[in-house]
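Grab a pencil and work through these exercises with the structure open. Each task comes with a step-by-step solution.

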Amino acid sequence: FLRIRGLLRWRFGSCDRMAPLASVQGQVKALFAKALKDAFPSLQQDVLVAKGNPKYGDYQCNNAMMIFKEHGSGLGFDSPLKVAEAIRSSLPASKLIGEISVAPQGFVTVRISQEWLSSEVAECL
């Protein structure tokens with residue numbers, strides 16, 4: 001598992017490709033940015049993505065609690081969980097994401113797809 005975590009931090013920029021890819025965290029952040037824009041088009045939000053607790057996932061989006069506190073009832077949501085579910089349902093399809101889970105506190109946590117990770121590493125070898 002530690003080897004996989006190390007690979008997730010690795011930037012693929014040194015790979016012999018036409019153009020370097022963004023970091024894995026950057027790609028996850030871009031997916032959440034799209035989800036937030038699609039789920040809440042009237043809100044301007046900075047995307048809050050952090051490395052997750054390995055027990056729950058690789059990365060987590062922490063925007064749902066803030067959206068709920070600042071706009072929840074005005075948007076028709078009665079809990080951070082409902083806001084997080086709206087974010088999850090708006091995440092664009094991506095081979096990068098393996099699993100998506102939502103915590104009652106509003107955290108949206110993702111695991112990186114093992115298939116995606118394997119294919120990316122194989123292309124660089």
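Two residues are in contact when they have heavy atoms within 4.5 Å of each other. The model is predicted, so to speak: local features need pLDDT of at least 70, side-chain atom pairs count only at pLDDT 80 or more, and totals for chains, interfaces and linings use all residues. Residues are numbered from 1 along each chain as its sequence is written, and side-chain values use heavy atoms, with hydrogens and water left out.**Exercise 1. Describe the surroundings of Q60.**

Step 1: find its place. Q60 sits in strand β2, residues 59-61. Strands here are DSSP runs of E with at least two residues, helices are runs of H or I with at least four, and both are numbered from the N terminus.

Step 2: is Q60 buried or exposed? Its relative accessible area is 18%. Buried means under 20%, exposed over 50% and partly exposed in between, with a 1.4 Å probe and protein chains only. Q60 is therefore buried.

Step 3: list the contacts. Setting aside residues up to four places away in sequence, Q60 touches L48, V49, A50, G52, F107, V108 and T109.

Step 4: look for a polar contact. The side chains of Q60 and N62 make one at 2.8 Å. The term covers a pair of N or O atoms within 3.5 Å; within protein, one must be able to donate a hydrogen and the other to accept it, and residues adjacent in sequence count only if both atoms are side-chain atoms.

**Exercise 1. Work out how α3 and α4 pack.**

Step 1: get the geometry. Helix α3 (residues 63-75) and helix α4 (residues 80-90) pack at about 125 degrees, and their axes are 8 Å apart. The axes are lines fitted to C-alpha atoms, for helices over the stretch in contact, with angles running from 0 to 180 degrees between N-to-C directions.

Step 2: Under 35 degrees is roughly parallel, over 145 roughly antiparallel, 65 to 115 roughly perpendicular, and the rest oblique. At about 125 degrees, α3 is therefore oblique to α4.

Step 3: which residues meet? From α3 come A64, M65, I67 and F68, and from α4 come P80, V83, A84 and I87. By class, this contact has eight nonpolar, no polar and no charged residues. Ala, Val, Leu, Ile, Met, Phe, Trp, Tyr, Cys and Pro count as nonpolar, Asp, Glu, Lys and Arg as charged, and the others, Gly among them, as polar.

**Exercise 2. Step back to the chain and check L117.**

Step 1: how many helices and strands are there? The protein chain has five helices and four strands, in the order α-α-β-β-α-α-β-β-α.

Step 2: check burial. Of the 125 residues in the protein chain, 37% are buried. L117, in helix α5 (residues 114-124), counts as buried at 5% relative accessibility.

Step 3: compare sequence and space. L117 and L96 are 21 residues apart along the chain, and their C-alpha atoms are separated by 7.6 Å.
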